[in-house]
Amino acid sequence: MSKEKPKNLSIKKEAKQRSLKTHQKVTNVIVYIILVIVSIIWITPFVMIVLESFKGEATCPTDAIIPRQFSLKNYKALFNIGVEKKDEIKFFRWYMNTLIMSCVCAIIQTFMVLCMSYTLSRMRFKGRKFLMNFMLVLGMFPGFLSMIILKKVMSGWNMIGENAVWGLIIIYTASSAMGYYVSKGFFDTIPKSLDEAARVDGATRATVFFRITLPMAKPIVIYTLLTAFMGPWGDFMFAKYIVNNATDGMNVAVGLQNLIATSEGLAAHYTHFCAAGVLVAIPVTILFMCLQRYYVEGVTGGAVKG
Amino acid sequence: MRFFIEKARKGDIMKPKTNKTTGTKKKSVPVRKRKSFAEGVKGFFKAVGNEIKSFFTIFVDGSWRTKLSYVIFGFGNLVLGQIARALFFLAFEALFFFYTIKSGWARILKLGNLKELTEQVEFVRLFNKDIHVELLLSIFSVLLVVVCIVVWRNSFHGSYRNDKLLKEGRKIPRSAFDKGVINFIKAVGNEIKSFFVIFVKGSWRTKLSYVIFGFGNLVCGQIARAALFLAFEASFIYYIINFGLAWILKLDNLGDIGSHEEYDPIFDTYVRVNGDNSFKILLYGVLSVLLCIVCIVVWRMSFHGSYENDKLLEEGKKIPKFKDDLHDIVDSKFHRTLLTVPAIGITMFTVFPIIFMILVAFTNYDGAHDGYSGLFTWTGWANFMELFNTKTSNLGYAFVHILLWTLVWAVLATFSNYFLGMLLALLINKKGIKLKKMWRSLFVMTIAVPQFISLLYMSKLFAKNGLINMLLIKWGFLEFPFDFWANTTASRILVVVINIWVGVPYLMLIATGILMNIPEDLYESARIDGANPFQQYMKITLPYMLFITGPYLLTSFIGNINNFNVIYLLAGGAEANSNLLTSGGSASDVDLLITWLFKISMGTESNYKLASVIGILIFMVVSVISVIGFNLMPSNKNEEDYQ
């Protein structure tokens with residue numbers, strides 16, 4: 001009897017493990033099914049946009065998901081090839097506007113954010129806490145509130161309407177240092193002892209910043225560049241308000257929304273909009289996929305440290 | 001993060017004393033004896049009796065502070081430095097009396113006179129409002145009185161508690177806000193003191209520095225500093241005398257005569273004459289005042305700098321030369337160097353516009369009074385009064401209606417994304433699931449596509465002549481196209497659902513990063529204890545996530561209150577609700593406060609005064625939610641912990 005007992009137990013254990021394994025397999029299959037369904041739901045609209053952009057038979061929404069006739073007509077129309085009304089779609093202009101804004105903003109905003117976050121993270125000075133609380137309170141005002149006066153001021157400087165690009169660059173970047181939180185969280189994690197060691201060796205604070213901290217901050221610099229670059233690509237509210245319906249100054253978001261805002265516009269330009277969407281999404285998506293690692297680091301870090 | 005893991009190791013997570021909101025706290029339910037109804041009534045009367053007794057005893061026993069707290073709510077707190085509480089009490093008292101005297105009392109009286117109330121209801125129908133609004137407002141007024149009595153009781157009881165603490169020689173509890181305000185007042189006091197002390201104690205150089213900026217530096221050989229000071233002073237005086245003073249003086253009524261037509265006797269015609277421009281007066285007036293503040297700061301720097309030189313000379317030390325200043329810029333004062341550009345940007349493009357727009361809320365600046373052809377002027381609190389004036393204006397109703405939907409939307413949008421995103425992350429991270437990276441990239445790709453493309457596409461997909469309607473008709477579910485964006489319920493559900501589609505991948509990304517950091521041994525020990533996956537989720541995963549992402553939840557909640565893109569791009573063309581028609585233009589049932597603000601600013605009326613009122617109200621809503629949120633946060637993490 002006493003000899004049989006352990007054998008019995010091991011058999012039971014095996015059976016239990018086997019049942020656990022099958023149980024796990026079943027749940028895994030269920031999870032796979034859910035994941036497939038969910039990802040189909042998430043991806044389908046994008047596939048539909050792409051399909052729509054190749055639709056050759058009509059420019060308005062039709063009830064066909066898969067186009068009956070594939071053609072590059074819509075892409076050509078974006079660059080005014082084969083269109084009767086030449087001045088309706090100024091896609092190239094909008095694209096360049098957005099590109100200029102994004103590049104300039106990315107550089108200036110990164111500079112601003114780095115200055116602010118490094119100072120607040122590394123240096124202790126009088127009024128530091130006050131400054132942080134002050135910016136916190138300022139951030140609670142809706143950003144759009146100040147647009148009314150900024151638009152008036154910008155119109156005085158001739159930076160709205162057709163020249164909205166420069167006005168918008170100023171608006172996007174001037175106060176961008178207030179978004180220092182993620183970056184400060186990153187600097188907080190770099191050990192202070194490094195700075196102190198360098199300071200003992202006679203380095204100035206500027207040297208510490210440029211020679212020691214900045215090289216280590218590559219991930220956060222790339223993250224800030226990336227988010228700052230993507231900001232103007234997607235901004236709608238400020239751009240729409242500043243641009244004043246002048247088609248020459250629009251960014252892609254405002255331009256495309258303007259194109260299909262009315263039902264006539266929708267009928268005439270729906271497929272053009274889809275083609276434009278594809279062209280806008282491609283460079284951002286490629287950039288994003290390349291730098292995804294940094295983005296994920298920044299986002300999770302930001303969420304963790306608030 | 002490290003902080004949390006250490007806590008977890010110590011087992012603090014399982015003992016949820018430290019984090020109240022994690023939901024794991026089990027309230028110890030005291031064993032209650034069943035009381036008979038009679039006993040309950042008896043107890044109630046006893047409590048009421050005690051309350052009444054304490055009302056008199058506290059008045060007799062209490063200090064003068066407590067006695068005054070009976071009239072001025074929170075006075076006892078204010079004197080003892082509990083400023084946050086005192087402000088709450090005072091604000092409540094002021095608002096309560098203001099509302100009750102202005103309209104609440106009349107409403108309460110109306111409750112007794114039903115006939116008039118029904119007439120009121122008829123009147124309200126003219127405005128197309130919900131007919132119960134007036135009745136609800138009357139009941140609200142009564143409730144407010146009850147709340148006021150409770151607050152009143154808390155006011156003098158609180159003050160009495162402080163009295164007791166003082167008697168026992170214990171410390172009065174103060175919040176961080178209180179300490180900040182007290183420090184600020186102290187700092188201002190010190191500044192004023194030093195102003196006189198330095199003048200009395202300082203050398204003749206310092207005394208002259210009060211008049212001639214940088215004189216002390218000049219005499220001591222700090223030429224560069226002195227030159228900067230002098231240049232500033234000269235240009236400031238030049239500006240103020242020639243322009244600034246005129247602007248500031250006109251601030252009192254923002255201009256007398258606008259541009260108008262005047263008779264020209266030589267040409268015998270009327271010609272347009274430029275007059276005052278209220279907009280410019282307000283703009284340059286405020287800028288000039290800001291410049292004066294800057295000047296005061298520079299002035300302070302001037303005599304303080306000179307006084308420092310005095311001290312150095314007394315101690316026989318060397319006075320820093322220009323070279324030392326340059327070294328300071330990259331070393332001990334490097335923070336100033338770094339902050340200069342961002343600070344200028346924030347002051348000019350955020351602080352100044354906000355000051356300006358707050359001031360606009362107290363004027364009648366709109367399309368008809370644009371400052372040029374029609375001057376605008378100060379109107380006091382009139383724009384805010386319009387909110388309370390339910391008889392002639394629709395504004396208060398529209399605001400409450402839109403605010404409620406904004407809050408509902410923010411709750412739905414934030415938490416639906418949060419939990420579904422976490423669920424997706426859990427599914428992808430589940431043991432035994434292959435191609436994790438592929439799944440993740442699939443969803444991350446949807447983040448990369450600019451939001452406006454997907455949102456506009458979705459909006460048109462559900463439009464009246466969009467694909468969804470066509471398919472539904474083709475397959476025979478519908479006979480006529482259904483306008484999703486014209487239907488309140490449908491459009492509200494749609495924006496929430498589409499927001500899930502837009503936002504879940506983002507949360508999946510965040511949750512993945514955090515979930516991978518949960519120490520595996522926590523789960524193992526839970527499994528040994530026989531916890532099933534759901535229990536593990538409720539006791540480990542969820543508390544951990546909430547603890548770590550508390551601040552993120554708060555910011556994303558506020559982000560959703562101001563979520564312009566999703567609402568405007570999806571439902572910008574939604575049909576306006578005639579009940580929400582105000583002097584600023586129309587709004588739809590899906591509109592949030594921020595899109596309403598946008599529509600008012602873009603509207604043909606250009607009702608800027610209303611826009612700034614709404615902007616200030618959004619600020620108030622957001623700040624109240626932030627304060628509540630911060631206090632709910634499981635831990636106010638100390639930033640020094642990481643370094």
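Mentor: Contact means heavy atoms within 4.5 Å. Keep in mind that this is a predicted model.

Trainee: Among contacts in chain B between residues at least 6 apart in sequence, what percentage join residues at least 24 apart?
Mentor: Chain B comes to 25 helices and 2 strands. Take its contacts between residues at least 6 apart in sequence. The share that joins residues at least 24 apart is 67%.

Trainee: What percentage of the residues in chain B is buried?
Mentor: Buried means under 20% relative accessible area. Chain B has 643 residues, and the buried ones make up 46%.

Trainee: How do strands β1 and β2 of chain B run, parallel or antiparallel?
Mentor: Strand β1(B) covers residues 260–264 and strand β2(B) covers residues 269–273. They are joined by 5 bridges. B:Y263 in this pairing stands opposite B:Y270 of β2(B). The two strands run antiparallel.

Trainee: Which residue in the hairpin of β1(B) and β2(B) takes a positive phi?
Mentor: The hairpin has 4 residues between the strands. Look for a phi near 60°. The residue is B:D268.

Trainee: Is B:L254 buried or exposed?
Mentor: B:L254 sits in the loop between α11 (223–250) and β1 of chain B. Beyond its neighbours within four places in sequence, its contacts include B:I281, B:L282, B:F376 and B:W378. The cut-off for buried is under 20% relative accessible area. B:L254 has 0% relative accessibility, so it is buried.

Trainee: What distance separates the C-alpha atoms of B:L254 and B:D276?
Mentor: Along the chain, B:L254 and B:D276 are 22 residues apart. Their C-alpha atoms are separated by 8.1 Å.

Trainee: Is B:N162 buried or exposed?
Mentor: B:N162 belongs to helix α7 (residues 133–167) of chain B. Not counting residues up to four places away in sequence, it touches B:G76, B:N77, B:L80, B:Q82 and B:I172. Its relative accessible area is 4%, so B:N162 is buried.

Trainee: How many charged residues does the contact of α8(A) with α9(A) have?
Mentor: From α8(A), the contact takes A:L194, A:D195, A:A198 and A:R199. From α9(A) come A:R205, A:V208, A:I212, A:T213 and A:M216. By class, 5 are nonpolar and 1 is polar, and the charged residues number 3.

Trainee: What is the handedness of the crossing of α23(B) and α24(B)?
Mentor: Helix α23 (residues 564–571) and helix α24 (residues 593–602) of chain B pack at about 60°, with axes 9 Å apart. The contact includes B:F564 and B:I567 of α23(B) and B:I594 and B:F598 of α24(B). The crossing is right-handed.

Trainee: Is B:L435 buried or exposed?
Mentor: B:L435 is in the loop between α16 (395–429) and α17 (436–448) of chain B. Its phi is positive, about 60°, although it is not a glycine. Exposed requires over 50%. At 58% relative accessibility, B:L435 is therefore exposed.

Note on methods: Residues are numbered from 1 along each chain as its sequence is written. Chains are lettered from A and ligands numbered from 1 in the order in which they are written. This is a predicted model: local features need pLDDT of at least 70, side-chain atom pairs count only at pLDDT 80 or more; totals for chains, interfaces and linings use all residues. Side-chain values use heavy atoms; hydrogens and water are left out. Two strands pair if DSSP finds at least two bridges between them. Buried means under 20% relative accessible area, exposed over 50%, partly exposed in between (1.4 Å probe, protein chains only). Ala, Val, Leu, Ile, Met, Phe, Trp, Tyr, Cys and Pro count as nonpolar, Asp, Glu, Lys and Arg as charged, and the others, Gly among them, as polar. Axes are lines fitted to C-alpha atoms, for helices over the stretch in contact, and angles run from 0 to 180 degrees between N-to-C directions. A crossing is left-handed if the near helix is turned anticlockwise from the far one by less than a right angle, and right-handed if clockwise.
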